[in-house]
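Here are my notes on this one, in the order I'd go through it with you. Have the model open while you read.

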Amino acid sequence: MLTRAYADWSSPVNAVYRSQLVARAVDLVQLFPAAAYAKNGADIRLAVDAVEDMFRLPDLTHVVIVAGDSDYVPLAQRCKRLGRFVVGVGVAGSTAKSLAAACDQFDAYDALPGVSVPTDKPQQKPDASASDAPVRQRRRAPNDPAADLLERALRLEHERTDADWMHSSVIKNLIKRMDPSFSEKGLGYKSFSDFINAHPSIVEMNESDNIRLVRLVSDKR
């Protein structure tokens with residue numbers, strides 16, 4: 001495994017992370033301050049090194065790009081053409097959609113295990129009436145991209161298999177292929193089952209025999 005981080009590590013804003021990265025065996029690549037015309041020096045250096053490593057080390061199977069800039073789209077595309085599985089990691093809401101779409105899988109940084117997200121405001125006690133209402137009673141919001149994605153995935157899998165009931169894991173994998181940036185945790189749900197139950201107008205879940213099966217509401221017999 002090769003792990004590198006590119007920055008001007010003499011800069012105070014970056015220096016605070018040096019000890020943490022070194023402790024995790026991350027190779028720190030020093031990029032000295034450059035003129036304005038070379039502001040993309042880190043992007044270019046990272047891309048050149050990554051492509052060189054793929055030709056030099058054929059055993060490398062996965063490439064993880066921790067960034068949010070659309071400048072890395074060509075790198076992700078080239079890695080995929082060279083047969084590597086590309087994982088993108090970025091901050092939710094600050095990552096270019098084109099970069100997420102160019103990856104085989106995209107995970108929000110805040111949703112990674114062990115990452116705690118600081119909150120600016122103290123958590124307020126939820127209203128009793130709201131907390132008592134089960135998740136499945138939430139209504140579909142207008143212009144809900146996640147709900148539209150769920151419905152599309154269900155219809156595509158139903159058309160492909162001609163089966164009414166489908167495994168929820170299959171639907172989730174299909175959603176992730178359609179939109180690598182999808183994350184139920186990023187949408188505020190603890191699990192994919194909670195996400196499913198929050199859209200009763202689209203999908204029904206059957207959890208008998210410890211197997212989670214789902215089907216389109218419109219396809220009920």
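1. Is strand β4 (residues 85-90) mostly covered or mostly open, and how many of its 6 residues are buried? Mostly covered: the count of buried residues in β4 is 5 of 6. Bear in mind throughout that we're looking at a predicted model.

2. Let's see what sits beside that strand. On one pairing, strand β3 (residues 62-66) runs parallel to β4, with 5 bridges joining them. If you want a place to start looking, H62 has F85 as its bridge partner in β4. To get from β3 to β4 the chain goes through helix α4 (residues 73-81), a β-α-β crossover that is right-handed.

3. Strand β5 (residues 105-108) also pairs with β4, again in parallel, and here there are 4 bridges.

4. Next, the antiparallel part. There is an open sheet of 3 strands, ordered β6-β8-β7, with antiparallel pairing. Its edges are β6 (166-167) and β7 (203-206), each of which pairs on one side only. Between β6 and strand β8 (residues 213-216) the antiparallel pairing amounts to 2 bridges; look for M166, whose bridge partner in β8 is V214.

5. What lies across that sheet? Helix α7 (residues 145-161) does, lying across β6, β7 and β8. Its direction makes an angle of about 95 degrees with β8.

6. Helix α8 (residues 168-178) deserves a look as well. Which of its residues are buried? They are S168, I171, L174, I175 and K176. The spacing is worth a thought: an α-helix has 3.6 residues a turn, so residues three or four places apart point the same way. The cover over the buried residues of α8 includes β5, α7, β6, α9 (192-197) and β8.

7. Finally, some totals for the protein chain. The secondary structure comes to 9 helices and 8 strands. Of the 221 residues, 31% are buried. Among contacts with a separation of 6 or more, 49% are between residues 24 or more positions apart. The accessible surface is about 14600 Å², and carbon and sulfur atoms account for 52% of that.

Conventions. Residues are numbered from 1 along each chain as its sequence is written. This is a predicted model: local features need pLDDT of at least 70, side-chain atom pairs count only at pLDDT 80 or more; totals for chains, interfaces and linings use all residues. Side-chain values use heavy atoms; hydrogens and water are left out. Buried means under 20% relative accessible area, exposed over 50%, partly exposed in between (1.4 Å probe, protein chains only). Two strands pair if DSSP finds at least two bridges between them. A crossover is right-handed if, with the strands pointing away from the viewer, the path from the first strand over the helix to the second runs clockwise. Contact means heavy atoms within 4.5 Å. Axes are lines fitted to C-alpha atoms, for helices over the stretch in contact, and angles run from 0 to 180 degrees between N-to-C directions. Accessible areas come from the Shrake-Rupley method with a 1.4 Å probe; for residues, only the protein chains shown count as cover.
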